[in-house]
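Please open the structure in your viewer and keep the selection tool at hand. The stops below take you from one pair of side chains to the next.

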Amino acid sequence: MANESGDDGGGAGGGGGGAAAAAASSVVVEVKNLRFTYPGIDGHPPPGSAPLIDGFSLALRAGDRCLLVGSNGAGKTTILKILGGKHMVDPDMVRVLGRSAFHDVALTASGDLSYLGGEWRRDIAFAGFEVAIQMDVSAEKMIYGVTGVDPQRKDELIKILDIDLSWRMHKVSDGQRRRVQICMGLLKPFKVLLLDEITVDLDVLARGNLLRYLRKECEERGAVIIYATHIFDGLDDWPSHVVYVAHGKLQLALPLEKVKEMSNLSLMRTVESWLRKEKEENRKRRKERKAMGLAEYDKSVEGSRVVGDPARSAARVMNNGWAAGRLHSTVAGEENFFFSSNSVLRQ
């Protein structure tokens, strides 16, 4: 198991402000032996399923800027959502500001813990799930609709992200819509910020301005940022720590200085070398399984439940008894909705 980042170097690199220096020794984000499996439709992990996240431990102190890296499907988004209180785990596994990320809703309600990631979407009845926010409303109405915000902070974010308040959300580009999303997510001062591929739609100028602003937040206010991305432009000296995840397990968690000592390459090339090595190891493992007469991937779906990695549940349709936007059942017979979350309504 790799060392926890809290054991190697502590606070963020670079010059820190008074707030960051005063709180440098305090652990803000603490993860202890995190183990997580997505539940099945009955609310319990499928029998025999392998944990999606297993034995993950991490400690970050005030002012740390953590870059979370790994291949697609490594578990980065799941980890960030768990830290953001979006999935329930044992209260002692994940502590943010000394409190349970899931059970203490005041963390997110207050804005102390903020999660920004994915597309800006919502569920709409009779239309479907995860519909992009593209209604005819101005950027000004959305941004100024957030109450209890420092006007100076609001104006600074609007300037940094170069937002035109007259933008209409149904007419702007994906990058412009993303700027408004980021602005709204940063309006209230955060103590812990989780970013999941949030800069993917931004142009070079907007992304550079945002990264400088986030660095200032850590250095001056002692905020903690965990940033998952595959885009490494301008990141060579941005993070204070680098965390590498593969197959839901922590492979490495080190201060940036230690990473630079390990490799003379740029940060992007260093991470690329890790991923290529991981890919080669996966290829060798599949060949060994095939030579033993086993399936290359130890993941299969049987009956009405998933056996193996729960991420493979998408391999079949699991009907919970109701179709999106409809008021009637889509399956008939008690045997068809035994595991349905709606079965109690039809007994």
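A salt bridge is a side-chain nitrogen of Lys or Arg within 4 Å of a carboxyl oxygen of Asp or Glu. Side chains of opposite charge can pair when their charged atoms come close. You are looking at a predicted model, in which local features need pLDDT of at least 70 and side-chain atom pairs count only at pLDDT 80 or more, while totals for chains, interfaces and linings use all residues. Residues are numbered from 1 along each chain as its sequence is written, and side-chain values use heavy atoms, with hydrogens and water left out.

Begin by selecting Glu280 and Arg283, whose side chains meet in a salt bridge with an N to O distance of 2.5 Å. Both belong to helix α9 (residues 267-291), and because they are three residues apart there, about one helical turn separates them. Helices (H or I, at least four residues) and strands (E, at least two) are DSSP runs, numbered from the N terminus.

Move on to Glu217 and Arg153, which form a salt bridge whose closest N and O atoms are 2.9 Å apart. Glu217 lies in helix α7 (residues 204-221) and Arg153 in helix α5 (residues 151-160), so this pair ties together parts that are 64 residues apart in sequence. Glu217 counts as buried, at 5% relative accessibility, and Arg153 counts as buried too, at 8%.

Now select Arg178 and Asp201, another salt bridge, with the closest N and O atoms 3.1 Å apart. Arg178 sits in helix α6 (residues 174-186), whereas Asp201 is in the loop between β9 (192-196) and α7, so the pair ties together parts that are 23 residues apart in sequence. Arg178 is buried at 3% relative accessibility, but Asp201, at 29%, is partly exposed. In total, the structure holds 18 salt bridges.

For the last stop, select Cys183, which is buried at 0% relative accessibility, and then Cys218, which is buried at 1%. How many disulfides does a search of the whole structure find? The search finds zero, a disulfide being a pair of cysteine sulfur atoms within 2.5 Å.

Key:
Buried means under 20% relative accessible area, exposed over 50%, partly exposed in between (1.4 Å probe, protein chains only).
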